[in-house]
Amino acid sequence: MISLLHAFLPLAELAMIQCLLALSQYTVLRAGVFSVATAGYACLGAYSAAVLVTQYGVSPYMGIAAAALVGLIAGIVLSIPLALLRGTFQAIATTAFGEVVCAMALYAEPITQGAMGINGIPKVVGPLGLLVALVLVTILIVTISRSGIGRAFDAIRQDETVAVSLGVNVRKYHAFAFAISGTIGGLAGALLAFNTYSIVPEQFGYIMVVPVLAAVVLGGRVSVAGPIIGATILTILPELARPLAAQRFFLQGGILIFVMVYLPDGIVDTVLNRIKVSRSARHLVLQPQPRSS
Amino acid sequence: MTHLSLDKIAKRFGGLQAVSELSVDVSSGEIVGLIGPNGAGKTTVVNLITGMLKASSGEISLDGKDITQETAVNVARLGIARTFQNIRLLKHSTVLENVLIGFHRQGRTSMLANMFGLPSVWREQAEFEEKAHSLLKRFHMQRFAQQPAGSLSYGHQRRVEMMRALASSPGVLLLDEPVAGMNDTEAHDLGILFRELANDGLAVLLIEHNMRFVNAISDRLCVLNAGKMIAKGSPNEVMSNPQVIEAYLGPEKYDA
């Protein structure tokens with residue numbers, strides 16, 4: 001039993017970090033911004049926290065707060081030039097942002113130790129710490145999503161012209177989405193650094209961008225449960241499929257293709273939509289027909 | 001008392017003069033019809049007023065304030081609402097959610113309050129939901145409240161769009177072909193509703209194709225042809241204007 005728990009905990013920790021990153025990615029997608037900057041924020045957050053703690057002796061908790069702040073600032077700054085771009089162009093620009101951040105981590109050797117990465121980071125965040133962070137972030141996102149902000153996000157995502165015609169300030173809401181996404185990304189990066197002893201630049205490249213984006217596509221972009229379920233499945237699946245050895249990534253790719261083709265809204269949103277439609281259909285039948293007008 | 005006025009508005013797209021020297025105004029309590037054959041520039045006028053397009057020359061003013069160069073968001077926030085010629089709903093959201101987003105302009109809670117879910121936010125939300133339900137009732141749409149907007153029939157989708165525009169409690173309502181694709185009975189019912197809205201103090205600018213409908217409910221008409229205003233006045237005056245007849249039916253020699 002104990003050995004099972006020992007085998008399970010690191011996986012759960014990884015899943016929770018992936019969930020946080022997926023929530024960062026989800027926030028921008030929900031607002032209709034096709035940004036893939038989450039890994040970049042995580043890189044900034046992880047390095048800020050690690051450098052502050054290992055080189056300047058700052059307390060880890062201050063390091064985590066600083067990382068979230070760095071992510072917040074990065075998100076806001078990034079939103080200014082990106083306000084002019086939409087869709088694929090945002091994806092290209094934010095991909096470039098991620099590459100630039102990784103390159104900085106690689107080449108600013110005096111601060112970041114370059115390709116060697118930063119080692120000997122104190123492990124101060126365990127499963128409980130991650131769980132607390134995930135719960136707090138989830139509560140924040142659920143609150144935002146159920147408030148007027150969530151409604152504005154939904155309007156902008158579905159039809160920006162309509163949103164504008166109703167007085168929704170798209171630039172302001174996009175900047176807000178970037179800021180929240182950056183904060184969560186920076187926070188997740190710091191938690192990752194304090195959970196895994198060491199960080200290296202390349203772990204924040206495509207190897208992080210792709211699974212995080214895939215988690216939201218798999219789970220769903222509208223409901224908050226979507227990214228959480230998507231990230232959990234994508235973290236646990238390769239472990240369950242270990243007997244398939246090197247072929248297990250084919251399984252993962254296959255599932256993604258299947259979901260994109262047959263469940264384009266993602267697993268959670270598809271299920272919720274089905275429930276909504278069947279409920280409203282029942283509602284229509286049960287209510288008396290008003291006199292036709 | 002709201003007063004929207006267009007003074008010698010013109011819009012060029014490269015070499016094409018889409019609208020030239022158009023002057024029209026509409027005040028609280030009246031319905032002004034803007035009619036004209038296809039391609040006359042009617043929708044361009046709506047886009048100019050709402051700030052989606054910028055006028056090449058001329059001035060648009062709302063209650064005496066120049067809004068010609070305002071952004072589309074600010075124009076909407078000043079209380080000019082519109083519907084779209086090709087219905088634009090949030091298809092995946094429910095009818096109720098579509099109406100609720102209309103209240104955005106009236107939101108008084110800050111973004112930070114929304115972010116942390118302060119009680120004022122939920123109070124405001126409850127108030128908007130209540131108002132949304134009374135709008136649904138007014139348009140006989142309560143039973144569709146939880147339906148995805150995209151699943152409704154054409155006529156019902158038009159109603160959702162109007163409710164959404166009204167939810168922002170605008171001073172001016174621009175209706176871009178609101179009865180297109182509806183039969184005469186449906187159009188008549190909506191006409192009564194538009195008149196009620198005008199009587200409640202709304203300034204209504206009605207862009208229409210359906211002449212019978214426009215004549216029946218407009219106080220004044222303005223006729224556009226190829227971007228130029230060719231006639232203006234009461235429905236009866238306009239309908240007997242030879243230029244209008246020519247624009248719609250062709251020159252007289254073909255009639256004989």
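Mentor: A caution before the details: this is a predicted model. Two packed helices are described by the angle between their axes and the distance between the axes.

Start with helix H7 of chain A, residues 148-158, and helix H9 of chain A, residues 170-196. Their axes come within 11 Å and cross at roughly 110 degrees. An angle from 65 to 115 degrees counts as roughly perpendicular, and H7(A) and H9(A) are therefore roughly perpendicular to each other. The crossing of H7(A) past H9(A) is left-handed. On the H7(A) side, the contact is made by A:Ile149, A:Ala152, A:Phe153 and A:Ile156. On the H9(A) side, A:Val170, A:Tyr173, A:Phe176 and A:Ala177 take part. Sorted by class, this contact has 8 nonpolar residues, with no polar and no charged ones.

Two residues of that contact also lead out of chain A. Leaving aside neighbours within four places in sequence, B:Met111 is in contact with A:Ile149 and A:Phe176. B:Met111 itself lies in helix H4 of chain B. With 15 other C-beta atoms within 10 Å, B:Met111 is partly exposed. The C-alpha atoms of B:Met111 and B:Val121 are separated by 9.7 Å, and the two residues are 10 apart along the chain.

The meeting of the two chains extends beyond that residue. In total, 32 residues of chain B are in contact with 28 residues of chain A. On the chain B side, the elements that give two or more residues are helix H2 (72-77), helix H3 (95-101) and helix H4 (111-116). By class, this side of chain B has 11 nonpolar, 13 polar and 8 charged residues.

The largest nonpolar core has 167 residues, and A:Leu20, A:Leu191 and B:Val204 touch the most other members. H9(A) gives the most to this core, with 16 residues. As for A:Leu20, its contacts, not counting residues up to four places away in sequence, are A:Ala133, A:Leu134, A:Val137, A:Ile184, A:Leu187, A:Ala188 and A:Leu191.

Another part of chain A gives two further helix pairs, both with helix H2. Helix H2 of chain A, residues 38-56, and helix H10 of chain A, residues 206-219, have axes that come within 8 Å and cross at roughly 125 degrees. That angle makes H2(A) oblique to H10(A). H2(A) passes H10(A) in a right-handed crossing. In this contact, A:Thr38, A:Ala39 and A:Ala42 of H2(A) meet A:Met208, A:Val209 and A:Val212 of H10(A). The residues comprise 5 nonpolar, 1 polar and no charged.

The second pair is H2(A) with helix H3 of chain A, residues 60-82, packed at an angle of about 145 degrees with the axes 8 Å apart. Here too the crossing is right-handed. H2(A) contributes A:Tyr41, A:Leu44, A:Gly45, A:Ser48, A:Ala49, A:Leu52 and A:Val53. Among the residues they meet in H3(A) are A:Pro60, A:Gly63, A:Ile64 and A:Gly75. This contact divides into 12 nonpolar, 5 polar and no charged residues.

B:Met211 is found in helix H8 of chain B, residues 211-217, and is partly exposed, with 16 other C-beta atoms within 10 Å. B:Met211 and B:Ile35 are 176 residues apart in sequence, yet their C-alpha atoms are 7.9 Å apart in space. B:Lys8 is found in strand S1 of chain B, residues 3-13. Its phi is near 50 degrees, a positive value in a residue other than glycine. B:Lys8 is exposed, with 12 other C-beta atoms within 10 Å. B:Asp63 likewise has a phi near 50 degrees, positive in a residue other than glycine. B:Asp63 lies in the loop between strand S4 (57-62) and strand S5 (65-66) of chain B, and counts as partly exposed with 15 C-beta neighbours inside 10 Å.

Methods
Residues numbered from 1 in each chain as written. Chains lettered and ligands numbered in written order. Predicted model: local features only at pLDDT ≥ 70, side-chain atom pairs only at ≥ 80, totals over all residues. Helix = DSSP H or I, 4+ residues; strand = E, 2+ residues; numbered from the N terminus. Buried ≥ 20, exposed ≤ 12 C-beta atoms within 10 Å, placed from the backbone. Axes fitted to C-alpha atoms, helices over the stretch in contact; angles between N-to-C directions. Parallel < 35°, antiparallel > 145°, perpendicular 65-115°, else oblique. Left-handed = near helix turned anticlockwise from the far one by under 90°. Contact = placed C-beta atoms within 7 Å. Nonpolar A, V, L, I, M, F, W, Y, C, P; charged D, E, K, R; others polar. Core = buried A, V, L, I, M, F, W, Y, C linked by C-beta atoms within 7 Å.
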